[in-house]
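Have a look at the picture, then read on.

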Amino acid sequence: MVKNCPTCGEGELASDTRPITFARQGETMLLEEVHGDFCPCCGEVILGMLEAERVSRRILGFNALKPTSGAKARSPEEFQRHS
Ligand SMILES: [Zn+2]
């Protein structure tokens with residue numbers, strides 16, 4: 001069964017495991033090996049319930065690592081060393 005992307009309506013979602021980056025509050029973080037349905041057209045990623053939970057825990061942890069002021073952009077490589 002082919003699922004169409006809910007965001008662009010054109011891409012056919014492909015189940016895959018890939019590294020993805022999240023942009024959040026002006027910073028980006030890299031998550032490796034995220035399993036989900038990927039849209040080849042617009043880049044949308046649809047996560048399953050377990051993956052969404054895992055990813056949001058990573059994002060919350062990422063925010064907790066941020067200094068409260070004078071935040072400096074943290075590269076994905078730096079973030080991985082700290083996680
Ligand atoms: Zn799409």
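## A strand in the open

Strand 1 lies largely in the open, because zero of its 11 residues are buried. Buried here means that 20 or more other C-beta atoms lie within 10 Å of a residue's own; exposed means 12 or fewer, partly exposed is in between, and the C-beta atoms are placed from the backbone. Strands themselves are DSSP runs of E, at least two residues long, numbered from the N terminus.

One thing to keep in mind: this is a predicted model, where local features need pLDDT of at least 70, side-chain atom pairs count only at pLDDT 80 or more, and totals for chains, interfaces and linings use all residues. Residues are numbered from 1 along each chain as its sequence is written.

Three strands make up an open sheet, ordered 1-2-3, with antiparallel pairing. Strand 1 (14-24) and strand 3 (45-47) are the edges, each pairing on one side only. To count as a pair, two strands need at least two bridges between them in DSSP.

Strand 1 and strand 2 (residues 27-38) run antiparallel and are joined by 10 bridges.

## Two positive phi angles

Most residues other than glycine have a negative phi. In the hairpin of strand 1 and strand 2, with two residues between the strands, Gln 25 takes a positive phi near 50 degrees.

Glu 33, in strand 2, also has a positive phi, near 55 degrees. Glu 33 is exposed, since 9 other C-beta atoms lie within 10 Å.

Note on methods:
Helix = DSSP H or I, 4+ residues; strand = E, 2+ residues; numbered from the N terminus.
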